[in-house]
Amino acid sequence: MRQYRIRGGKRLSGELSIGGAKNSVLPILAAACLNESETIIHNCPRISDTLETIKILEGIGFRTEFLENTLKIYPAKDLSHEIPDECVKKMRSSILFMGALLAQTGKVNLALPGGCNLGERAINLHIRGLEAMGAKICEEEKKLFCKIGENGLNGAKIKLDFPSVGATENLLIAAVKAKGETVIENAAREPEISDLALFLKKLGAEIRGAGTGTIIINGTNKNFRKKIAHEIIPDRIVAGTYLVAAAMTTGDIKLTNVRPFELAPFTMYLSEMGCNLRAEENSVTLHAPKRLKAAGRIITKVHPGFLTDMQAQFVAALSIADKRSEITETIFEGRNSHVPELRKMGANIHLTADKQTFEIDGVERLRGANVAAHDLRCGAALVLAALSADGETIVQNSEFVERGYESIEKDLTSLGGDIKLEIV
Ligand code: EPU
C-alpha cells in the first residue's frame with residue numbers, strides 16, 4: 001500500500017515550476033497513433049496515467065523512449081487494433097484510442113473503459129459521433145468492437161448533447177482522417193482541446209475553431225508522415241491545487257510556467273476568499289490571508305466556468321473558511337468521496353439529498369486523521385487538508401494522486417510542507 005504521511009501546520013512559501021497537463025498529454029498520445037513518423041513530446045508529465053498510456057502505445061506496436069520529461073514515439077511497423085484490456089480498465093482516457101485507431105487502421109477492439117469512479121461516466125456521445133462518421137460499433141460482454149464501414153470514415157455534422165471533453169477529442173482525432181468536412185457543434189472549449197488541435201495541425205490536419213463551441217475539420221483522408229515535436233501546456237489543475245495549498249496554510253508562493261488566463265475560473269474565487277493574487281505573463285503569485293473568507297456559492301461548469309477538477313480542493317479550503325459556503329457539482333453525479341474523509345478531519349460539510357451540493361460551515365482548524373483517497377482529486381483535497389491540519393494525517397491510496405501529480409510530495413516539500421510518500 002502507498003500512502004502519504006503529512007505533518008500539518010507548516011506555512012508554504014517559495015517558487016515552483018508547473019509541468020505538463022495530464023488532460024492534454026493523454027489525448028495527444030492517442031492522437032500520436034496517426035503519425036507514421038517520429039513524434040516527440042516535450043514537457044510530458046511522468047505521472048502514472050502517462051505510463052499506462054505508454055503501455056497502450058507499446059501494446060499496439062509503437063516503440064517509445066521516455067527520458068526525463070521528453071517522450072519519443074517511434075512509428076509502429078504493424079499497428080494492432082486490439083487495445084490491452086488491463087490498461088483500458090484502469091483509465092477512462094483509453095477510450096480516445098477508439099477514434100485514433102479507427103481512423104488509422106479501420107478497426108479497434110477495446111474493453112469498456114474504467115478510471116476514477118465519479119459516477120456513471122457514459123460514452124454514448126463518443127459512440128454516436130463516430131457512428132455518424134460511418135463507424136460500426138457493437139458491444140459484447142463489456143467489450144467494444146468497432147470498425148469502419150465500406151466507405152471508410154466520412155465527415156459529418158455532429159451536434160453534441162453536452163460539450164463532453166473526451167467525446168470532442170475522440171471525434172476531432174477521427175475527423176482529421178475522415179473524407180470531407182466534419183463540424184462538431186456544442187464542442188468542449190477546454191484549453192486541452194486547443195492543445196490537441198495544435199498537435200494535429202502540426203501533423204498536417206486542417207482544423208478551425210478549436211477552443212470555441214464549433215470546430216470545423218477538413219478531413220484530409222491521407223496518411224500523416226511528419227516528424228513533429230510538441231510541448232504540452234502546463235497543468236492548470238496541478239497549479240490550482242498548489243495555489244489552494246498555499247491559501248490554506250497562510251502561504252506565499254509563486255508558480256512559474258503557468259498560463260494565468262487559464263487559471264482565472266478559480267483564481268477569482270481565491271481572491272474573493274481573501275488571497276492576494278498577482279499574475280504575470282507566465283507566472284502567478286499568491287499571498288494568503290490569516291484566515292480564508294467564505295466563497296458564497298460556487299457551481300462547477302464547463303470551460304470557462306469553475307472546473308469540476310478543482311471542486312474537491314475548494315471543498316477542503318472552504319472547510320476552514322470563516323463562514324458558510326456552498327459548492328454545487330454539475331458535471332459528474334458522483335464526485336463527493338472526499339466529503340466523508342474530510343469529515344474525519346473535523347470538517348463540517350452537509351451534503352444535500354441529491355448529493356450534488358456541499359454546504360460547508362468553515363471550522364477554525366482541521367485535525368490530523370487516518371483518511372483514504374478514493375479518486376485523484378479526492379486524494380489531492382485530502383493532502384491539502386492535511387497540510388493545514390493540526391497533527392499528523394495519513395492519506396492512504398496515494399496511487400490515485402500519482403495518476404495526476406508527478407511528485408506532489410517533492411513539490412510540497414520544496415515549498416516547506418512536511419509530507420512523505422511511504423510504501424507500506
Ligand atoms: N458524458 C456523457 N456521455 C458521453 C461523455 C460524457 O454523458 O459520451 C458525461 C459524463 O458522464 C460526465 C460529463 O459528461 O458526467 C463530463 O464528461 P466529459 O466527457 O466531459 O469528461 P471526460 O472526457 O471523461 C475529462 C477529464 C476529466 C475532467 C472532465 C471534465 C481527461 C483525461 N479527463 O474527462 O479529468 O473532469 O474532462 O472537465 O481529460 C481529472 O483530471 O481529475 C479528471 C477526471
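1. First, a definition: helices here are DSSP runs of H or I with at least four residues, and they are numbered from the N terminus. Helix 4 (residues 96-105) is followed by Gly 106, which has a positive phi, near 85°.

2. Some ground rules before going on. This is a predicted model, where local features need pLDDT of at least 70 and side-chain atom pairs count only at pLDDT 80 or more, while totals for chains, interfaces and linings use all residues. Residues are numbered from 1 along each chain as its sequence is written, and side-chain values use heavy atoms, with hydrogens and water left out.

3. Back to helix 4: nine of its ten residues are buried (under 20% relative accessible area, with a 1.4 Å probe and protein chains only). The buried ones are Leu 96, Phe 97, Met 98, Gly 99, Ala 100, Leu 101, Leu 102, Ala 103 and Gln 104.

4. Now the ligand. There are 22 residues around the ligand (a heavy atom within 4 Å of it), and the closest are Asn 124, Leu 125, Ser 164, Asp 309 and Ile 331. By class, this shell has nine nonpolar, seven polar and six charged residues; Ala, Val, Leu, Ile, Met, Phe, Trp, Tyr, Cys and Pro count as nonpolar, Asp, Glu, Lys and Arg as charged, and the others, Gly among them, as polar.

5. Which helices each supply at least two residues of that shell? They are helix 1 (22-31), helix 5 (124-132), helix 6 (165-175) and helix 12 (376-388). Helix 5 gives the most, with three residues.

6. Have a look at the polar contacts (pairs of N or O atoms within 3.5 Å). An oxygen atom of the ligand sits 2.7 Å from a polar backbone atom of Leu 125, and for a polar backbone atom of Ala 122 the distance to a ligand oxygen is 3.3 Å. Arg 335 uses its side chain, with an N or O atom 3.0 Å from an oxygen atom of the ligand. Taken alone the ligand exposes 830 Å², of which the protein buries 88% (Shrake-Rupley areas, 1.4 Å probe).

7. On a 1 Å grid over the protein atoms alone, a cavity is a set of points where a 1.4 Å probe fits but cannot get out, and lining residues have an atom within 4 Å of a point. The structure holds one cavity of 30 Å³ or more. The lining of the largest cavity consists of Pro 234, Asp 235, Arg 236, Ala 239, Val 258, Arg 259, Glu 262 and Leu 263. Helix 8 (236-248) and helix 9 (260-272) each supply at least two of the lining residues, and the lining divides into four nonpolar, no polar and four charged.

Notes
1 Å grid on protein atoms, 1.4 Å probe; cavity = no way out; pocket = protein on both sides within 12 Å on 5 of 7 lines; lining within 4 Å. Points joined across faces, edges and corners; volume = space filled by probe spheres on them. Polar contact = N/O pair within 3.5 Å; in protein donor to acceptor, adjacent residues only side chain to side chain. Buried < 20%, exposed > 50% of the residue type's maximum accessible area, 1.4 Å probe, protein only.
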